[in-house]
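Dear colleague,

Please find the structure we discussed placed directly below. My notes on it follow, arranged by region.

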Amino acid sequence: MTGGVPMRRNRKKKLRLYDLRSTVCCVVFMLLAATQSLQAQDMLPGFPRLQEAMADCDTLCSYGQRTDTVTVPFITFPATFRELKENEITDSLGILRPFWEKLRLLRLGASADTLRIVHVGYSHIRGHILPRTAGDLMQRTFGALSYTDVGVNGAFCLTFTRPDRIEKIAALHPDLVILSFGTNESHNRRYNPMLHYRQMDDLVRLLRDSLPGVPMLLTTPPGSYESFRMRRRRRTYSINPRTALAVQTIHKYADENGLAVWDMYNILGGTRRACLNWQEAGLMRPDHVHYMPDGYVLQGELLYQALIKAYNDYVR
């Protein structure tokens, strides 16, 4: 008898818990039914009004999700290429953002203006293959885009610090200026990093005075050899050790003066492999300074790939 009392109490507690759960379920069901009767569709997440969304951010914010990326091309390198690094543009300050925004609007069809890139430099640019490869690929991807190369054989930065050449570049009304120098500066066996720095500064200041607000991208030289002839021996070649110094100077100037950099030299092997990669692949000319057409095509494809990666980073 005494053992039966606790058992009855336990049954009563279980019944009370069951009744409580049933009551809660009924209340929840009634609330859900009432909510469904007030809505004809699923609830949408809250979204600020357009004016509020645009108040403290750039134009991109008003478009919501950024899905207008471009497929990054895959590049096959010759088997001799080793010690490669990620092919990317360094732009920690976002100097190129105005250009990416114009490019995005062009791709969306929201801009009817032709976007203009002007590529200035030495013989690698004067040969046309590198810039035209990159330019043709950019045009196929984005449509109304012009890519003009302005190159002079044997050019230094100093070569373009003439008023007539600055006026020629400004007359093209570029949205982006790409500057490719460094090979000829580094071939001077008395190469002076401070002098190279000042020459870059002279050119960039003149361009900024003529093209205020236009972003600039510096590129580094791909690497080259210097030649010498020993007594009664054939001409021999050795890797130019000053190229690495010129690359460091270009980076220093870009960091201190707000420019972006595409470092082809270090991307393709740096001091250890930049020259050997090209030479062993048979992509350098006999002078060991200039490149075979296929070499320039590869460089143009790499520049295009780097531009697309940077563009995608912006629109994501």
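A word on terms before the notes: helices are DSSP runs of H or I with at least four residues, strands are DSSP runs of E with at least two, and both are numbered from the N terminus. Please also bear in mind that this is a predicted model.

The chain as a whole

The protein chain contains 12 helices and 8 strands. It has 316 residues, of which 42% count as buried. Its accessible surface comes to about 18500 Å², and carbon and sulfur atoms account for 54% of that area. Among contacts between residues at least 6 apart in sequence, 77% join residues at least 24 apart.

Arginine 242 and helix H9

Arginine 242 belongs to helix H9, which covers residues 242-257. With a relative accessible area of 12%, arginine 242 is buried, because buried means under 20%. Which residues does arginine 242 touch, not counting those up to four places away in sequence? They are Ser186, His187, Asn188, Arg189, Tyr191 and Glu226. With serine 186 there is also a polar approach: a polar atom of the arginine 242 side chain lies 2.8 Å from the backbone oxygen of serine 186.

Isoleucine 117 lies in strand S2, residues 115-121. Its relative accessible area is 0%, so isoleucine 117 is buried. Leaving aside neighbours within four places in sequence, isoleucine 117 is in contact with Phe99, Met138, Leu145, Ser146, Tyr147, Thr148, Leu176 and Ile178. The C-alpha atoms of isoleucine 117 and leucine 145 are separated by 7.7 Å, although these residues are 28 apart along the chain.

Valine 150 is part of strand S3, residues 145-151. At 8% relative accessibility, valine 150 also counts as buried. Valine 150 and valine 120 are 30 residues apart in sequence, yet their C-alpha atoms are 4.8 Å apart in space. Again leaving aside neighbours within four places in sequence, the contacts of valine 150 are Val118, His119, Val120, Gly121, Ile125, Phe160, Lys168 and Leu172.

Helices H3 and H5

Helix H3 (residues 97-108) packs against helix H5 (residues 129-142) at an angle of about 50°, and their axes are 9 Å apart. At that angle, H3 is oblique to H5. Which residues meet where H3 and H5 come together? From H3 they are Leu103, Leu106 and Arg107, and from H5 they are Met138, Thr141 and Phe142. By class, this contact has 4 nonpolar, 1 polar and 1 charged residues.

Serine 123 in helix H4

Serine 123 is found in helix H4, residues 123-126. A relative accessible area of 14% makes serine 123 buried. Beyond residues up to four places away in sequence, serine 123 touches Val152, Asn153, Gly154 and His290.

Two histidines with positive phi

Histidine 173 has a positive phi of about 50°, although it is not a glycine. Histidine 173 sits in the loop between helix H6 (163-170) and strand S4 (176-180). Histidine 288 likewise has a positive phi, near 60°, in a residue other than glycine. The loop that holds histidine 288 runs between helix H11 (270-280) and H12.

Is each of these histidines buried or exposed? Histidine 173 is exposed, with a relative accessible area of 55%. Histidine 288, by contrast, is buried, with a relative accessible area of 15%.

Aspartate 313 in helix H12

Helix H12 covers residues 293-315 and includes aspartate 313. Aspartate 313 has 55% relative accessibility and therefore counts as exposed. The side chains of aspartate 313 and arginine 316 are joined by a polar contact of 3.3 Å. Elsewhere in the sequence, tryptophan 100 is 213 residues from aspartate 313, and the two are 9.6 Å apart in space, C-alpha to C-alpha.

Yours sincerely

Notes. Residues are numbered from 1 along each chain as its sequence is written. This is a predicted model: local features need pLDDT of at least 70, side-chain atom pairs count only at pLDDT 80 or more; totals for chains, interfaces and linings use all residues. Side-chain values use heavy atoms; hydrogens and water are left out. Buried means under 20% relative accessible area, exposed over 50%, partly exposed in between (1.4 Å probe, protein chains only). A polar contact is a pair of N or O atoms within 3.5 Å; within protein, one must be able to donate a hydrogen and the other to accept it, and residues adjacent in sequence count only if both atoms are side-chain atoms. Contact means heavy atoms within 4.5 Å. Accessible areas come from the Shrake-Rupley method with a 1.4 Å probe; for residues, only the protein chains shown count as cover. Axes are lines fitted to C-alpha atoms, for helices over the stretch in contact, and angles run from 0 to 180 degrees between N-to-C directions. Angles under 35 degrees count as roughly parallel, over 145 as roughly antiparallel, 65 to 115 as roughly perpendicular and the rest as oblique. Ala, Val, Leu, Ile, Met, Phe, Trp, Tyr, Cys and Pro count as nonpolar, Asp, Glu, Lys and Arg as charged, and the others, Gly among them, as polar.
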